[in-house]
Amino acid sequence: PLHLPLHTSLGVDGFIGRQAELESLAQALRNGAKPILLSGLGGIGKTELASRFGQSYTKGRVYLASFQNSFRDTVTHSIARGIPNLLEKKLPEEEVYHTVMARLSQCLKDDILILDNVVRENGSYYDLLDDTYNSLCGLDLRLILTTRFEVAGAIEIKQLSNQELYQIFRKHKVNISAEEMDALIQAVDGHTLTIDLMARTMTGTWKKVTADMLLTALQEKDLPNKDYR
């Protein structure tokens, strides 16, 4: 098998909410959608959602690779790393490509390949679709893509509810009031990763960091009015 493990940064116990999105993903899989797209802001939780789905999936193997510039580069670099010693052989790129595609063709129809963060600086999602994308879609295995692009038919990953965001603070044992949590949530527009980082900062640093200190720092940097994501 390929050696492309899922991310486990939060783990099963640390995963919060997203039950509706998990069901939408499962339903899309049952309906035979290919690829299945998860769309949303950077840091909103797409990778964690895809990994959580993969951790609970039992019908086949699940692989995860990071997207790199193009679908072809993703095959010859990210996915190629999942084949032991392949890149160390310094083979021509065309040979690496065909070796990886041959390995992927051995996967079964219930196996899943997750390509994470399908995006680049310029253009749209549709500008990325190339011959390699078509070849990946033509394989037996299932395909899940996460992207920041807005794509018709994608499962949209929105911000968590305030009650769910409270759970992030509580998970890290942050001892602040509901009013302070609301203020921090509002200051960063409910951005999942930023809230998780703030919670970690308040409990994981040698110097005590308070909600007021974080709010002051956000206001001084004018981050709510910038693309802090």
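**The second largest pocket**

Helix α2 gives the largest share of the lining of the second largest pocket, 4 residues. This is a predicted model, in which local features need pLDDT of at least 70 and side-chain atom pairs count only at pLDDT 80 or more, while totals for chains, interfaces and linings use all residues. Residues are numbered from 1 along each chain as its sequence is written, and side-chain values use heavy atoms, with hydrogens and water left out.

Some terms. A pocket is an open set of points on a 1 Å grid over the protein atoms alone, where a 1.4 Å probe fits, with protein on both sides within 12 Å along at least five of seven lines; lining residues have an atom within 4 Å of a point. Helices (H or I, at least four residues) and strands (E, at least two) are DSSP runs, numbered from the N terminus.

The volume of this pocket is about 240 Å³, meaning the space filled by probe spheres set on the points, which are joined across faces, edges and corners. Both α2 (19–30) and α3 (46–56) supply at least two residues of the lining. Among the lining residues are Leu22, Arg30, Phe53 and Asp110.

Now the confidence. pLDDT is the predictor's confidence in each residue, from 0 to 100. The protein has a mean of 89, and 93% of its residues reach 70 or more. Confidence is lowest in α1 (residues 11–14), with a mean of 52, and highest in α6 (residues 131–137), at 97. Where pLDDT is low, the coordinates should not be read in detail.

Next, helix packing. Axes are lines fitted to C-alpha atoms, for helices over the stretch in contact, and angles run from 0 to 180 degrees between N-to-C directions. The axes of α4 (residues 71–79) and α5 (residues 93–104) come within 9 Å and cross at roughly 80 degrees. These two helices are therefore roughly perpendicular, a label for angles of 65 to 115 degrees. In contact terms (heavy atoms within 4.5 Å), α4 residues including Val75 and Ile79 meet α5 residues including Tyr97 and Leu104.

Helices α7 (residues 162–171) and α8 (residues 178–187) pack at about 105 degrees, with axes 10 Å apart. That makes α7 roughly perpendicular to α8.

Last, the backbone. Which bond joins lysine 34 and proline 35? A cis peptide bond, with omega about -5 degrees. Proline 35 sits in the loop between α2 and β1 (36–39). Asparagine 69, though not a glycine, has a positive phi of about 65 degrees.

Note on methods. Angles under 35 degrees count as roughly parallel, over 145 as roughly antiparallel, 65 to 115 as roughly perpendicular and the rest as oblique.
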